[in-house]
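The sequence and model are shown first, followed by notes grouped by topic.

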Amino acid sequence: MKIFSQDLRDGEKLPERHVLNAMGYQGDNISPHLAWDDVPPGTKSFVVTCYDPDAPSGSGWWHWVVANLPAETRVLPQGAGSDLAPLPEGALQTNTDFGKPGYGGAAPPKGESHRYIFTVHALDVENLEVDERASGAMVGYLAHFHTLGSASMTAMYS
């Protein structure tokens, strides 16, 4: 699989429009455009996540979780996680570590540099049995058992 974005470049700084507008930051909190191709045969759905492994929580930080994206989906437009663009029919955003569904932009503690890993997982099931209250860890756990392939892109922010 391959992942690409009109908004992000792998290994480069996360643009301000994708940074949180809270916790001392004044970004736009808009989810980035993400697209993917070279999908494994047998793919029945996708999960898209944004995860910060550097958060000082002992378990990282889930910034965005989208489950049950239909198999024909190949793009999430900019703002799809921020209610500025529609998600595909049937897709579901679940809780992030901010305590609610939807995209939550970068907000590392002052003076720290963090990685924001955007990943798309191709699954062999049409739906994960989750609702909007599911944690990123739960979605990741369930997706683990059904992943046919995945692709990631990492943006940095400090």
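Helices (H or I, at least four residues) and strands (E, at least two) are DSSP runs, numbered from the N terminus, and two strands pair if DSSP finds at least two bridges between them. The model is predicted: local features need pLDDT of at least 70, side-chain atom pairs count only at pLDDT 80 or more, and totals for chains, interfaces and linings use all residues. Residues are numbered from 1 along each chain as its sequence is written, and side-chain values use heavy atoms, with hydrogens and water left out.

**The sheet**

- Five strands form an open sheet in the order β6-β4-β3-β7-β8, with antiparallel pairing.
- The edges are taken by β6 (92–93) and β8 (147–157); each has a single partner strand, so one side of each lacks a neighbour in the sheet.
- Helix α1 (residues 136–144) packs on the sheet and touches β3 (45–52), β4, β7 (114–123) and β8, where contact means heavy atoms within 4.5 Å.
- The direction of helix α1 makes about 45° with that of β4; axes are lines fitted to C-alpha atoms, for helices over the stretch in contact, and angles run from 0 to 180 degrees between N-to-C directions.

**Strand β4 and its partners**

- Strand β4 (residues 61–70) pairs with β6 in the antiparallel sense over two bridges: Val66 is partnered with Gln93, and Ala67 with Leu92.
- Seven bridges join β4 to the antiparallel β3, and one of the pairs is Tyr51 with Trp62.
- Nine of the 10 residues of β4 are buried, so the strand is largely enclosed by the rest of the structure; buried means under 20% relative accessible area, exposed over 50%, and partly exposed in between (1.4 Å probe, protein chains only).

**Nonpolar cores**

- A nonpolar core is a set of buried Ala, Val, Leu, Ile, Met, Phe, Trp, Tyr and Cys residues joined through side-chain atoms within 4.5 Å.
- The largest core has 28 residues, of which Leu14, Leu34, Trp36, Val48, Trp64, Leu69 and Phe118 touch the most other members.
- Two or more residues of this core come from each of β2 (34–37), β3, β4, β7 and β8.
- Another core, of 11 residues, lies apart from it and includes Ala67, Leu128, Val130 and Val139.

- Thr73 lies in the loop between β4 and β5 (75–76) and is buried, with a relative accessible area of 6%.
- Leaving aside neighbours within four places in sequence, Thr73 is in contact with Trp36, Phe46 and Pro88.
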